[in-house]
Amino acid sequence: MIRFAPIFPVLALLGFLSLPSQALASDDAAGGDYQKAVAGLASDNRQTIIESLDAIARLGDPRALPALDALQDRRLKYDAKGRALIVAKDERAAVDAVTGENYAGPLDALSDPPVNNLVRQHISAVLSSLALRSPDPEQRLAAARELADRPVESAREGLGKALAAETDGRVKSLLEQTLAQIDLKSPDKAARLAAIRAIGRSGNSDFLPALRQVADRQNKSDPLNADGEITEAATRAIASLERRDLVVRAARDLFFGASLGSVLLLAALGLAITFGLMGVINMAHGEMLMIGAYVAYVVQEFFSSHFPNYADWYLPAAIPLAFATAAVVGMLLERTIIRHLYGRPLETLLATWGISLCLIQTVRLIFGAQNVEVRNPAWLSGGFEVVRGLTLTYNRIGIIVFVVFVVVLTWLLLNRTPLGLSIRAVTQARSTASAMGIFTSKVDMWTFGLGSGIAGLGGVALTQVGNVGPELGQSYIVDSFMVVVLGGVGKLAGTIFGALGLGFINKFLEPFSGAVLGKIIVLVLVVVFIQKRPQGIFALKGRTAD
Amino acid sequence: MKKTLPLIARILAVLIATLSLAGQALAQDTIKVGILHSLSGTMAISETSLKDMALMAIDEINASGGLLGKKIEPVVVDPASNWPLFAEKARELLTKQKVAVVFGCWTSVSRKSVLPVFEELNGLLFYPVQYEGEECSYNVFYTGAAPNQQAIPAVEYLMSADGGGAKRFVLLGTDYVYPRTTNKILRAFLHSKGVDDADIMETYTPFGHSDYQTIVSDVKKFAAGKRTAVISTINGDSNVPFYKELANQGIKAQDIPVVAFSVGEEELRGIDTKPLVGHLAAWNYFMSMNTPENKAFIAKWQAYVKKNNLPGGAARVTNDPMEATYIGVMMWAQAVRQAGTTNVDAVRQAVAGQSFKAPSGYDIVMDTKNHHLHKPVVIGEVRDNGQFDIVWKTAGPIRAEAWSPYIPDSAKKTADWTYPWVCGNCEKAKY
């Protein structure tokens, strides 16, 4: 409807406003209120702060924005005289929040107002109601989203006006939803009916409990509950929301299952090579994951000390390094210890378990027993809401993409390179391959290195979902073996199916059985399956199967 | 005959002389004190600091002249996060090393495993970690919090207007004894406050669980409609995946606050604190407490870390169980001075009623009856620097309830080691 030139942002803001025009005209009275409200933000009393925030929300004065921002970032402080001061971001200077004058006193003598979650709740409500008047539709959208999540009844009037003035469709529908949430309890029949319909259209199943209350004929406290039209509309809205909810839940479990499956697959893929193809019962596999994770940590530290501007991009650099480091460690182990134990599964098991303990202790000596901090880069934090009730988180999406990349890479390596050909030849028919002139012991080394390297890649990915500590590998080793055995030893495709299958089953069971029982059921299912089909999902065919 | 008598006398004299010499040698000897904390295995992360703190406290006592004119000699053993090994090491400390007292244990299962040993050999254990209660041994002094000194005040805060006025609660924990018992108590407490079962969601995860997608999305759904808070008894390593998932799915502390009972300064060291900011923890002590005693305590600790070149260096922090360890060592030393001996029975009598000006700034008193400390409850919000902003605290120290009045069976029990009860779990006085 109205387009504002950027030169008049303040006017534009005020144009949107529910702000009463006399607030501008009689600057004295409003100014007094405003000053009192801003000064009250830096108080030692939580109640005063909240009252001041509400006052600012009523005034709708964008001049309060810097003070509000400062309060949220813990930069709003007060001095011995109770003056509210905004401390600059670099913590070198401060200005008076009301007058804007520079503050000369020492900064470390200032006190913090007692901000807690309750205060922050009010801050975000005020900030978004102010942002709703911004000329930038993106800012308005963000604000509307915020308000839709936390509707405040006192904002009813302002919201109505903002909705009337709104031009952006997305913002409009969000505002309608917010209004509907408030109007659902309205004593006015028409308003409530409209609210019920709007909620039915919104497809947001979060409203189900509130709608059920409205549809409840037994509830005598509210006279409108007896109204046939209202209950009918509510029942219809509930039915439509429930149908939608079912679909959303299925989609949600599908995504969660895929992401859990991907984590399992990343953890197990390296083992599918060292144990699956080579037959080494590799108890040190978990430690290869751990090495990969620590490489990610070291690279992150290196980036934040040397290239702080690119600190968020440490992950791409960590990927090849983790592969290389884990592969080298794996090849060293193979050359020095494991190759002497081929064909002796029991000794291999003990030896690799010993190696795993040594590796854990080594890492503990170098990095300490404490977990280390691997940050999610900004581009892997958060998520986006596809529809209400289904949030896809970026770190999980990242892992799904990464696992596809690793699987493709492994497949190409095994099926499209000369090394892959030798690996397949040696693992399938060692003596024949040897007779054909393949240097089998060298191929063993490369294979073990490849498996370890892929485990290292898995380790990098695991840093994005869990802890990084010396014991990281221990928590994945059982799951890894389960995936490989379930999928069928010796088959890459089996490992993929095994991991994804376990992921889906786990996630579809969890809503019904809970996590603890779910895990037990999955284990029982795996045991039964292996009993019935010891060779796993995908069996090797022919003479190699024995 | 005539000759033999002086001979016997002579032998006797020699014997007496050697005995008294030996006695003197003993007198010049040290007082041995056992430290029973895992220095390897999964619990090493938490327990190593307690060992360091106990050693610091012993250093401090030795530097100021020791106890009863003797130096204290710490005997450090490593039960390696292995519960049966805890019992073995405890036995070794009491029978072989003959220590006067043991400071140790973290998990409830390790405490339960050493309990029979201490009771059989009449040893003395100071246990420094918050726990689920429902226990009161003659041979243990509990310097950590009982549920009414941590969990219940935290829930009261969440229900208060200041804490957000939560009406709905998610009880989320790792599947073992501490979360199960705590949640049983909390559920009964919530019932007593008029919260329906429909407004309580109780969920457990296996140890080491790292996939919180479904749970977080369920919590989000459950929270629609009413103010909701999560009470987390998630153990150790599972916390990071949980908070990460929470943040990634867009849940903010101001919408659904999570209060945790086992996330402290030490646990926040070494994790990305961003997703945790604003969430709550309930303890009896925070490193950020602004008291002169705490400043002195932290300065002592940092000096000790520097002097002994402990791993972690300047990044080392203090936390609640460390404060409880410190109070335990100091109280034991006070009791030994008062009793004039390290004899377990005498010291036990003397520990009851001891008072100590703790780093939290309060005069912490050992209850005269139930072997637990009176402690203040403090609630803090996580800051991005791994410290806590204190948002609420009790007016003063609270007496511990070893047996929860919210569990019907234990409500009948009394822990009172004075006459006429002389019992840790009786329904009637013994005498």
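Author: The following account turns to the interface between the chains, its salt bridges and then the nonpolar cores.

This is a predicted model, in which local features need pLDDT of at least 70 and side-chain atom pairs count only at pLDDT 80 or more, while totals for chains, interfaces and linings use all residues. Residues are numbered from 1 along each chain as its sequence is written, chains are lettered from A and ligands numbered from 1 in the order in which they are written, and side-chain values use heavy atoms, with hydrogens and water left out.

At the interface, 50 residues of chain B are in contact with 51 residues of chain A, contact meaning heavy atoms within 4.5 Å. The two chains bury about 4200 Å² between them, and 39% of this lies on carbon and sulfur atoms. Buried area here is the accessible area (1.4 Å probe) that two parts lose on being put together, summed over both.

The interface of chain B and chain A holds 25 residue pairs in polar contact, both residues being at pLDDT 80 or more. A polar contact is a pair of N or O atoms within 3.5 Å; within protein, one must be able to donate a hydrogen and the other to accept it, and residues adjacent in sequence count only if both atoms are side-chain atoms. On the side of chain B that touches chain A, two or more residues each come from strand E7 (200-205), helix H7 (213-222), helix H8 (239-248) and strand E14 (388-393) of chain B. Helices (H or I, at least four residues) and strands (E, at least two) are DSSP runs, numbered from the N terminus. H7(B) gives the largest share of that side, seven residues.

Nine salt bridges are found across the interface of chain B and chain A. A salt bridge is a side-chain nitrogen of Lys or Arg within 4 Å of a carboxyl oxygen of Asp or Glu. In one of them, the side chains of Arg46(A) and Asp162(B) meet at 2.5 Å, N to O. This pair runs from helix H4 (residues 46-59) of chain A to the loop between helix H5 (151-159) and strand E6 (168-174) of chain B. Arg46(A) is buried, with a relative accessible area of 10%, whereas Asp162(B) is partly exposed at 26%. Buried means under 20% relative accessible area, exposed over 50%, and partly exposed in between (1.4 Å probe, protein chains only).

Another salt bridge joins Asp245(A) and Lys221(B) at 3.2 Å, N to O. It links helix H12 (residues 228-277) of chain A with helix H7 of chain B. Asp245(A) counts as buried at 9% relative accessibility, and Lys221(B) as partly exposed at 25%. The side chains of Arg396(A) and Glu245(B) also form a salt bridge (3.0 Å, N to O). Salt bridges that share partners join Arg396(A), Lys507(A), Glu510(A), Asp211(B) and Glu245(B) into one network.

The nonpolar cores complete the account. The largest has 102 residues, and those with the most contacts inside it are Leu36(B), Phe242(B) and Trp332(B). A nonpolar core is a set of buried Ala, Val, Leu, Ile, Met, Phe, Trp, Tyr and Cys residues joined through side-chain atoms within 4.5 Å. Helix H11 (residues 320-339) of chain B gives the largest share of this core, 10 residues. A second, separate core of 72 residues includes Ala272(A), Leu333(A), Leu457(A) and Ala461(A).
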